[in-house]
Amino acid sequence: MGLGSTDQKNKIKMGLGILLPFSKNHSSSPFLYFPWRPLSLSLSRSTMNLIKSTGHEATSSNPNGEGKRQTIDLQNGSEVVFIPRFLSFEESWKWFHYLNKEIPWTRPIIRVFGRSCVQPRDTCYIASSGLPELGYSGYQPHAYSWDDFPPLTDILEAVHKTFPGSSFNSLLLNRYKDGNDSVGWHADDEKLYGSTPEIVSVSFGCDREFLLRKKPRKIPQVQTNKRVEGEPPIKRLKKNNQSDQHSFTLKHGSILLMRGYTQRDWVHSVPKRAKAEATRINLTFRRVL
Ligand SMILES: O=C(O)CCC(=O)C(=O)O
Ligand SMILES: [Fe+2]
């Protein structure tokens, strides 16, 4: 069932709202959703402490610059940038409907901890020609061409404008049908992205929580009396503290960038959420070296 129906849209957790007919300029969606509640960014307190607001984002699609750009310093060369309203609601719905309908979504079989299972979300992969092939969890997605989906070059351009110096050449798309779909803890640390990849994530549809957690670091055991002479020190996992985890609510039209050593030192996930009853579509832009 598409998201064009009133029932489905009412399920989307963006606050209560009213549905108004779309103006004649907007062909792809019959409705425009107006939230009565302003968008708010939900972050953990530890994340709030680290946030530096660096001004308002004013793009052609968002001329009022309503979404504040927030830079979260994760320390040791890792950083996240979050812009809650990268695209307007209206424009984001157009993207949602286009992607939901036009992308050839598949739900592949992947291998996790040595077992085969159905990936708990739909996916599709687009890449510039001539790049090395992507593979993850024993799955090698077919690489579609950007020319197969011409509108996507518009959003790619907007992403490049928002993050000057970025130059993405591939896109992994995810579709979470409802709160039962998810992505488990992982880092996008495949060799083909290099040691400090920039990964940009644009979200459409249902709000979902995005979690970041520092990878546990092995430190030498300090209690030397437990050591057996001649053997290397026992390693134990350092306990994470509050600043080692962050939570973002990725709302319709938001954008999140991870950069620096975030993929080396942190893992991220979009966990299952019983309350998420509608579909979310996510675009992750990457640069294959
Ligand atoms: O859906 C998201 O926001 C994250 C997706 C993700 O982590 C990935 O595709 O590697
Ligand atoms: Fe990821």
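How many bridges join S10 to S19, and do the two strands run parallel or antiparallel? I began my notes on this predicted model with that pairing, and I found seven bridges between S10 and S19, with the strands running antiparallel. As one position to check by eye, I noted that Arg175 has Ile281 as its bridge partner in S19.

I then looked for another strand paired with S19, and I recorded S12, residues 199–205, which pairs with S19 in the antiparallel sense over six bridges. Here I marked Val202, whose bridge partner in S19 is Leu283.

Next I asked how enclosed S19 is, and I saw that six of its seven residues are buried, so S19 is largely enclosed by the rest of the structure.

I turned to ligand 1 and listed the residues around it as Leu172, Asn174, Val183, Asp188, Ser201, Phe210, Leu250, His268, Val270, Asn282 and Thr284. The elements that give two or more residues to this shell are strand S10 (170–176), strand S18 (266–270) and strand S19 (280–286).

Last, I looked up the totals for the protein, whose secondary structure comes to five helices and 19 strands. Of its 289 residues, 27% are buried. Among the contacts with a separation of 6 or more, I noted that 71% are between residues 24 or more positions apart.

Key: Residues are numbered from 1 along each chain as its sequence is written. Chains are lettered from A and ligands numbered from 1 in the order in which they are written. This is a predicted model: local features need pLDDT of at least 70, side-chain atom pairs count only at pLDDT 80 or more; totals for chains, interfaces and linings use all residues. A residue is near a molecule or strand if its C-beta atom, placed from the backbone, lies within 6 Å of it. Helices (H or I, at least four residues) and strands (E, at least two) are DSSP runs, numbered from the N terminus. A residue is buried if 20 or more other C-beta atoms lie within 10 Å of its own, exposed if 12 or fewer, and partly exposed in between; C-beta atoms are placed from the backbone. Two residues are in contact if their C-beta atoms, placed from the backbone, lie within 7 Å. Two strands pair if DSSP finds at least two bridges between them.
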